[in-house]
Amino acid sequence: MSDALLFTPIQVGHSRLNNRVVMAPMTRSRAGTGDAATPLNATYYAQRATAGLIISEASQVSQQGQGYAWTPGIYNDAQVAGWKTVVDAVHSKGGHMALQLWHVGRISHPLLQPGGADPVAPSAIQAKGQCFVIQPDGTPANVPTAMPRALETKELSGIVDDYVRGARNAMAAGFDFVEVHAANGYLLNQFLSPNSNQRTDAYGGSLENRARFVLEVIDAIIAVVGSDKVGVRLSPQGVFNDIDDPESTAMALYLAKAFTQRNLAFLHIAEPDWAGGAPLSQAFRLQLREAFGGTLITCGGYNAITAEALLGANLVDMVAFGRPFIANPDLVRRLRENAPLNEPDPNSFYGGAEAGYTDYPALAITQGD
Ligand code: PHB
């Protein structure tokens with residue numbers, strides 16, 4: 001695969017990336033005190049810095065935006081300092097990194113919320129899903145998500161401000177990009193989907209109205225960091241976290257055109273297969289390609305051959321890999337050399353320390369490297 005497109009450089013926004021392999025955002029639940037990134041997190045990401053672009057695990061823009069214990073935040077100075085050590089380590093290895101901005105909306109529980117409040121959502125509709133909490137007796141547990149409170153129209157600008165603070169903080173930490181997480185059933189996706197958004201104000205009802213909040217968040221972020229540093233993640237046909245949206249492909253195309261008008265650096269598609277949704281059709285892939293003028297990234301169950309086929313057909317510009325990056329810090333080299341991959345251990349995906357995180361072996365250095 002050494003002459004493959006996958007390993008050729010690409011200009012994205014203001015950055016020249018070394019190759020077209022993206023490390024997908026993945027929750028690993030190993031943040032430190034105060035939900036700040038730690039030196040261990042820096043080691044993990046730096047081990048994977050040969051990816052053309054690393055997208056960080058989802059990082060809450062406020063405590064209200066948190067749905068799982070031990071996920072990192074991007075809303076205070078200690079969290080900026082923690083992330084700065086991560087980005088510096090990735091940059092020192094020649095890599096590039098985006099920070100994924102996250103608000104979970106209804107995928108949460110009072111045990112994670114400020115003052116034990118109810119989680120917030122577009123509408124007071126409980127999701128069938130789980131979040132991860134520390135119980136009052138100190139033990140961690142997966143629990144059903146709680147009934148959320150519907151956000152008042154006048155509260156929405158405060159949430160936009162939280163995203164903007166997150167984007168500013170990400171730039172202060174040195175990230176090359178921010179990725180706005182509008183996928184996988186979290187707050188922004190809850191606004192997009194009619195089964196979680198039954199609002200009667202300007203943010204609910206028609207497709208345009210349901211898209212409004214996402215675009216307001218994006219516009220506010222662009223105003224402070226510039227469109228060439230902003231990407232978005234969408235999950236058309238996704239069903240994770242109880243999303244059921246018969247118009248999700250039309251919505252993705254509508255948004256892709258709106259993102260093109262705004263000159264967004266990249267659009268990142270989380271394909272439905274990982275969570276059980278129907279696969280994307282070839283026709284939709286073509287429409288998406290046509291609708292979005294920036295760098296198009298896709299993320300599904302790809303390997304070097306299927307990724308290369310998609311690049312060769314000019315359907316996408318970059319391909320993101322998730323679980324293979326957990327177990328293979330040198331995934332780019334392994335793909336290029338067609339080397340065997342280490343298998344990830346699901347028992348150590350979430351929580352814990354070095355085991356199953358920074359101790360997966362790289363290939364031995366051989367002569368000529
Ligand atoms: C998760 O923590 O389970 C998670 C986070 C972000 C996603 C998907 C899953 O987009």
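Analyst: What follows sets computed values against cut-offs, and the model itself is predicted.

User: Why is Met-26 called buried?

Analyst: Its relative accessibility is 13%. Buried means under 20%, so Met-26 counts as buried. Met-26 lies in the loop between β3 (21–23) and α1 (39–47).

User: What is Met-26 in contact with, leaving aside its neighbours within four places in sequence?

Analyst: Tyr-44, Glu-57, Gly-322, Arg-323, Phe-325 and Ile-326. Contact requires heavy atoms within 4.5 Å. Met-26 and Ile-326 are 300 residues apart in sequence, yet their C-alpha atoms are 8.7 Å apart in space.

User: Why does Ser-62 count as buried?

Analyst: Ser-62 has 6% relative accessibility. The limit is under 20%, so Ser-62 counts as buried. It is found in the loop between β4 (53–60) and α2 (77–92). Beyond four places in sequence, Ser-62 touches Tyr-75, His-103, Asp-162 and Arg-165.

User: And what makes Ser-56 buried?

Analyst: A relative accessibility of 0%. That is under 20%, so the label applies to Ser-56. Its place is in strand β4. Residues up to four places away in sequence aside, Ser-56 touches Pro-25, Tyr-45, Trp-83, Met-97, Ala-98, Leu-99 and Gln-100.

User: Which backbone atom does the side chain of Ser-56 reach, and what makes that a polar contact?

Analyst: The side chain reaches the backbone nitrogen of Gln-100 at 3.0 Å. The cut-off for a polar contact is within 3.5 Å, and the 3.0 Å of this pair meets that limit.

User: How do you know that both faces of β10 are covered?

Analyst: Look at each side. Phe-177, Glu-179 and His-181 are buried on one, and Val-178 and Val-180 are buried on the other. That makes five of five residues buried in β10 (residues 177–181). In a regular strand the side chains alternate between the two faces of the sheet.

User: What makes β10 a partner of β5 and of β11?

Analyst: Pairing takes at least two bridges. Four bridges join β5 (residues 97–102) to β10, and the two run parallel. β10 and β11 (residues 230–234) also pair in the parallel sense, over four bridges. Ala-98 stands opposite Phe-177 in β10, and His-181 stands opposite Arg-233 in β11.

User: Which residues are around the ligand?

Analyst: Thr-27, Tyr-68, Trp-102, His-181, Asn-184, Tyr-186, Phe-240 and Trp-274. The test is a heavy atom within 4 Å.

User: How do you know that the span of α3 is close to the expected one?

Analyst: Helix α3 (residues 156–173) has 18 residues and reaches 26 Å from its first C-alpha to its last. At 1.5 Å a residue, 26 Å is expected. Gly-174 follows α3, with a positive phi near 100°.

User: What covers the buried residues of α3?

Analyst: The cover includes α2, β5, β6 (120–121), β10, α4 (187–192) and α5 (207–225). Among the buried residues of α3 are Leu-156, Ile-159, Val-160, Asp-162 and Tyr-163.

Technical notes. Residues numbered from 1 in each chain as written. Predicted model: local features only at pLDDT ≥ 70, side-chain atom pairs only at ≥ 80, totals over all residues. Heavy atoms only, no water. Buried < 20%, exposed > 50% of the residue type's maximum accessible area, 1.4 Å probe, protein only. Polar contact = N/O pair within 3.5 Å; in protein donor to acceptor, adjacent residues only side chain to side chain. Expected span 1.5 Å × (residues − 1).
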